Amino acid sequence: MKNNYTCCPWAVPLFLLSCFLGLIQVQARTETKENRFQQLITGTVNDQQGLPLPGVNIIIKGSRQGAMTNLEGKYSINAAIGDTLSYSFIGYTTKILVVTKDFNPDIQLQQNTDALSEVVINAGYYTTTERERTGNIAKVTAEEIELQPLVSPLQTLQGRMAGVEISPGNDLPGSAPTIRIRGQNSLRAEGNYPLYIIDGMPLNSSPLESNSNLSFTGIDPLSTLNVSSIESIEVLKDADATAIYGSRGANGVILITTKQGQSEKTEVQVQVYSGFSEVPNRIDLLHTEQYLQIRRRAFENDGTEPTQNNAYDLLVWDQDRDTDWQEEILGGNAAITNLNLTVTGGNQTTRYRLNGGFREQGTVYPGDANYQKATGGLSLNHHSKDQKFKLQTAINYGLDNNKIVGNRSLVSSIFNLAPNAPAIFNEDGSLHWEEWIETGIDNPFNGYFNTSKIEASNLISNLSLSYELLKGFRLKTNLGYTNYNSEEIFKIPKRSYNPLYSEFLEAQSIHLLQKRNSWIVEPQLEYTTQLDKLQIESLIGSTFQENQSRITEFTATGYVSESLIGNIAAAESLSNGRRQSTTYKYNALFARIGLNWDHKYLLNLTGRRDGSSRFGPGKRFANFGAIGAAWIFTEEGFMDHLDFLSFGKLRASYGSTGNDQIGDYGYLDAYEATPGAGGLYPVALANPDYSWEINKKLEAALQLGFLNERLNLNISWYRNRSSNQLVGLPLPGVTGFNSVQANLPATVENRGWELEFTSLNFQKKDFSWRTSVNLTFPENELVSYPSLEESPYANTYRIGEPLNIALLYQYEGINPETGFYEVADINGDGRFDYEDQVVVQNQNRQYYGGIQNQFTYKNFSLQFLWQFVKQEGRLTLFNTGSLGNSRAVVAEALTDNSTYQSISNSSESRRAYNYASASSLGYTDASFLRLKTLALNYNLPSAPLQKIGMRGAKLFLTGQNLFTFTDYQGMDPEVTNGTGASFSNLRTYSLGIQLNF
Amino acid sequence: MNLNKIFARPMIFSLCILLYACEDFVEVDPPAHKLVNQQVFNNDEMAESALQGIYNELFRIGNFSNGGASSVTALAGLSAHQITAYDQSDLEYLEFEENEILPNNPPNLSLWNSAYKIIYQVNALLEGMESSTQITASLQERIEGEARFIRAFTYFYLVNLYGEVPLALTTDYRENATLIREPAADIYDQVLLDLQLAAEVLPEEYRDGERIYVNKYVAMAFLARVHIYLENWEQAEYYSTQVINQSGIYSLLSDLDAVFLKNSTEAIWQLSPAGRGSATSNTNEGYLFISSFPVFTLTDNVPENFTTNDLRYIHWIGYDEEREAYYPFKYKDPNSSNNITEYSMVLRLAEQYFIRAEAHVKSQNISGAIADINHIRSRAGIDLINSNSNITEEELIDLLMEERQRELFTEWGHRWFDLIRFNKASTILGANNANWESTDVRFPIPEQERIKNPNLGQNPGY
């Protein structure tokens with residue numbers, strides 16, 4: 001059913017807006033005709049380099065007359081002698097001149113030394129400056145990230161931005177990091193991805209599927225980008241900044257801008273670095289002597305005889321062998337080599353940048369896993385001589401070749417492995433079996449020779465064309481296309497498994513092909529004008545976007561030899577076929593009006609009407625909008641006497657954004673093919689009525705600059721409320737499924753404070769020292785949930801508590817009779833189940849932030865970033881007596897006054913341990929302070945270099961995750977949701993050189 | 001200057017882009033891999049596929065009916081102390097062995113969920129056909145008969161494992177999410193209704209000659225089972241006789257190694273491993289019991305009951321020297337691909353003889369009962385019961401129970417249900433389990449289900 005009337009309400013106000021803007025212009029023109037006794041002043045405005053400055057506002061003070069320079073910097077204005085003319089332009093110091101008889105109309109404007117105006121901020125569809133922004137936008141530039149030896153562009157942001165939490169997926173290259181901008185808004189984990197925009201082109205931010213070790217968080221769709229080609233990353237946080245992205249802005253927006261050609265001269269840059277990564281930490285586990293002592297004691301205490309079945313570590317395995325499994329498996333070094341070559345150049349009207357990059361990275365694990373990435377990028381911008389026509393294009397292409405060894409989660413098994421267990425590998429590198437088979441159990445590394453090879457290519461291209469139709473009117477169109485292709489082959493050879501099995505096993509390969517492509521067309525019309533002191537920037541536009549994705553997966557079985565695996569022509573049969581195509585279409589209208597009164601009062605209105613194909617008929621369109629305002633109070637006369645306060649701004653915004661991140665076609669009542677041949681079955685419950693999640697964001701902020709902005713302080717308070725939650729509503733299995741997509745009458749609130757502080761502590765000719773600090777106090781709360789008690793979430797969430805909680809047993813101490821841990825049986829029914837899990841454990845961060853210092857001394861510069869987090873996390877591995885290793889601290893259980901339960905192998909003791917692990921006893925402080933990055937650069941003296949035709953050379957040394965201070969005894973305090981054995985941060989050292997010709 | 005002219009162009013342009021932003025752009029067609037409901041039920045082939053989907057799903061991973069680690073065969077076998085988990089550190093199976101199942105036990109949840117998922121599939125199929133006018137009437141009748149048989153079959157196991165259970169007969173999740181548990185008698189009423197319809201409308205032949213599709217005699221065989229559980233002796237005798245009399249279709253095999261082969265003449269209903277949807281072609285029972293790393297082994301209770309000359313002891317029980325444990329050896333294929341040799345047995349003729357024997361005993365036809373039991377004993381190569389002996393009804397029931405255990409061990413929880421319905425669970429299972437409580441005869445309603453549907457009560461003792 002078509003429903004065309006939905007468009008009409010928008011057409012009318014926007015039409016009126018167009019007329020209104022037109023009228024203003026008409027009025028301005030008629031006024032100039034009234035002044036007849038003035039002379040015409042015609043001149044040019046240039047910058048310091050003598051280049052013409054278009055768009056400079058010229059106003060006769062005390063009148064409402066004004067003019068603006070054209071693209072050649074020329075202007076003409078009627079003024080009388082004695083009139084005061086004011087020349088102003090963003091980023092430049094305003095010049096005020098009195099018209100005299102011999103008035104020179106050719107003006108040169110000085111670039112504003114004011115640091116805040118220099119920082120130009122990309123707000124997506126428009127730009128602003130740090131000084132005049134009305135929204136909350138955080139920015140990092142190439143300087144901070146380009147030399148970090150990382151694969152994931154987002155991981156470079158860790159610790160650098162307030163309100164932005166980034167956790168790496170795991171330690172392997174290509175794994176998707178989790179990013180939360182101002183906390184979790186949606187009850188669904190997959191409903192919390194921010195919007196990624198690369199050079200104006202939206203990129204599907206949901207990770208790609210994998211059968212490999214990357215399956216936990218998926219494959220990062222950004223891993224094919226070249227970190228050193230990124231010019232800046234902006235993160236849009238509040239309503240003012242995100243509402244123009246409408247239904248996709250609820251979780252914030254990440255804008256990645258790639259580098260462009262800057263100079264006319266042809267310049268070449270070669271950058272090479274290499275280094276290595278290692279696993280930075282180990283858990284202190286029991287050694288054989290104590291481990292066996294505890295195990296023997298367990299049987300003594302239980303009064304049972306160890307048997308080959310429950311005590312093979314005591315009866316079968318070597319009693320003297322003591323293997324440090326962590327060293328064995330995690331002790332390697334992963335070499336990294338990275339190479340970049342860039343050529344830039346152009347002429348007055350055209351600039352280009354051409355870049356190629358290559359990266360290779362090894363693995364810390366045994367085996368020959370490696371990761372290769374090749375990237376190529378071309379950017380070109382051109383403008384016509386009269387500056388009326390502008391063209392800008394960026395094409396980025398990346399190839400990933402990721403070879404991963406082993407089955408999922410093999411690594412975590414080494415922490416439980418008894419220290420006297422038989423060898424995992426034979427000397428020739430094959431899996432060792434004899435001693436394991438003797439014991440009757442499998443080598444825990446069975447599956448180790450399964451390999452995955454993921455080849456991915458990603459093309460992100462964009463073209464932006466604009467033309468100035470009339471003075472102030474600019475027609476702009478943004479066109480983009482992306483194409484992502486990946487092929488994963490997961491090979492399962494027989495030698496990966498127990499030879500006893502192998503006669504029954506078939507060599508297999510699992511093939512997973514994914515394709516995503518999208519196009520976008522965004523016609524826009526901009527209108528900018530200056531009316532006396534009021535500057536108006538307005539914009540209307542629309543978006544047409546289509547994303548197509550396709551997944552093809554199948555298993556090929558029955559290869560006669562290992563070398564044929566993957567060659568499907570040699571397979572006996574294909575099965576488990578899956579082919580899914582989805583189309584997502586998106587259509588929107590958006591508009592913005594920015595009003596700027598004398599660079600003092602700023603008002604920004606943004607709005608968007610969005611339609612998404614993910615919803616059923618009649619539910620597809622919704623409106624979003626925001627208002628942002630700022631007052632630069634230091635521009636007021638009454639502030640002039642406060643010399644130390646050079647800049648002060650109050651800022652506030654409020655608005656709504658939406659979230660349509662939910663599976664496609666969820667509203668259809670549909671059947672799919674069963675895995676078994678010939679059958680069809682319904683795969684989900686259908687609900688045609690669901691609609692958007694609405695996220696209302698409120699923010700207030702104070703921005704202060706002291707001593708000519710040598711010290712800057714930003715304090716923001718925010719409160720985001722996400723309601724109409726779009727979730728897979730959990731259902732009892734009696735309904736046939738475990739959930740149905742529906743809107744839930746629940747409200748999730750994220751609120752908090754963000755502090756950003758920068759300071760130029762010291763600046764002399766040879767030495768400078770800058771510090772910047774960011775600090776976030778986030779709070780997340782389930783504010784309301786009508787009849788939560790009766791709902792399916794009754795035992796998942798608590799009103800007034802964060803979403804990310806664990807409900808735990810109440811730990812009571814050690815029962816003096818049994819000697820085992822005891823948790824409270826709250827309802828006294830003699831059982832331990834959800835009804836007894838009453839302790840709420842907050843698993844969110846209490847606060848977090850980063851401190852960065854940058855020192856420069858002559859040709860040296862030193863930059864380092866400390867990341868800190870205050871939180872609690874889970875840590876177990878304190879089993880006393882049953883099979884499998886534990887942390888070394890449990891040796892205390894051998895003594896009389898132990899805080900651990902008495903040593904035993906009984907099922908009663910194992911249950912007690914399981915309950916205690918799910919009580920507050922399983923949680924500990926997991927706060928940490930980490931030296932996240934350190935970079936030392938040395939610029940070679942330029943004089944001798946110039947003699948050999950070089951413009952510059954730089955040596956650099958970087959380190960990642962060099963030190964971590966924490967009381968947490970697990971592997972990595974950043975990953976604390978399991979037993980404590982997971983980790984995702986490697987320590988990396990690299991050394992490199994950059995040459996400029 | 002003509003101002004109108006100047007501003008006309010941008011305004012017209014902006015109007016153009018605005019007016020184009022309309023709902024038809026964001027309309028998308030359903031993708032190829034999804035068939036909208038109406039498409040499925042607008043022709044015969046698709047409706048057949050929807051039925052095949054149910055058969056396939058009965059064999060899927062984690063299903064109550066697939067013979068795997070969380071199937072009725074495994075869990076009720078553990079509870080009846082017939083099998084034991086080889087890895088004794090695996091608490092989720094240990095809880096069944098110790099008859100101390102916690103309400104959050106994962107296999108218990110998996111069993112429950114998979115059963116209701118099958119019921120949903122049946123309900124969706126029935127509703128879809130009802131709303132369609134495109135399906136040939138005779139075909140619709142047959143599909144309905146098969147589907148309703150599967151629903152009845154599923155409810156039978158639910159009611160016997162959990163007692164009172166919710167009775168979902170539609171696909172409306174709003175209604176099903178808040179259902180209360182219905183009395184067992186009401187569940188049985190529905191089971192009988194569905195089975196009787198199936199027995200009426202289904203043809204006598206196996207479709208494609210494959211014993212994996214439900215026909216009239218499958219429905220009758222199961223009616224015999226239900227009636228013997230309900231102690232309706234006459235009906236039980238009637239239906240079992242109907243099946244036993246089809247000697248052209250069903251006969252006891254003298255070669256015990258051939259009983260569990262696919263389409264064996266002893267089979268009344270089997271499930272094909274093809275439903276699993278992978279290249280693995282062995283049954284789950286084969287994998288669980290006889291692979292190199294078996295999940296379960298037999299407890300000593302089972303082999304102790306045999307005399308060593310019993311052919312079933314020789315052919316159906318193996319001994320693992322390395323693990324010093326007996327294992328069920330009814331299925332012979334532990335792990336293979338591509339060539340399906342065995343189907344998972346659901347109903348077979350031997351049970352029908354037991355059903356009729358039991359019905360005979362209860363209607364004082366002692367000689368008839370002995371004759372039926374002797375059919376089984378003679379096939380097993382052991383001494384026959386002397387039909388002239390003065391055997392009491394009670395003794396004969398005990399004998400029947402023993403014989404059922406020897407014949408049907410590790411098949412579909414027969415022993416567990418027998419212990420309960422003959423009221424022997426506490427005496428026999430309590431004898432070697434100090435923790436035994438009389439309430440352990442019911443599995444707990446899964447905790448996760450009760451969290452999501454607070455209207456669901458728990459069984460006593462949990």
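Me: What makes up residues 91–227 of chain B, helix or strand?

Reply: Helix. The stretch is 67% helix and 0% strand. Helices are DSSP runs (H or I, at least four residues), strands are runs of E (at least two), and both are numbered from the N terminus. The end C-alpha atoms lie 36 Å apart. UniProt, in an unreviewed entry, lists these residues as "domain: SusD-like N-terminal". Such annotations may be inferred rather than shown by experiment.

This is a predicted model, where local features need pLDDT of at least 70, side-chain atom pairs count only at pLDDT 80 or more, and totals for chains, interfaces and linings use all residues. Residues are numbered from 1 along each chain as its sequence is written, while chains are lettered from A and ligands numbered from 1 in the order in which they are written.

Me: Why is A:Gly611 called buried?

Reply: Buried takes 20 or more other C-beta atoms within 10 Å, with C-beta atoms placed from the backbone. A:Gly611 has 26, so it is buried. Its place is in strand β27 (residues 601–612) of chain A.

Me: How many residues does each chain give to the contact?

Reply: Chain B gives 82 and chain A gives 86. Contact means C-beta atoms, placed from the backbone, within 7 Å. On the chain B side, α1(B) has the largest share, twelve residues.

Definitions and conventions:
A residue is buried if 20 or more other C-beta atoms lie within 10 Å of its own, exposed if 12 or fewer, and partly exposed in between; C-beta atoms are placed from the backbone. Two residues are in contact if their C-beta atoms, placed from the backbone, lie within 7 Å.
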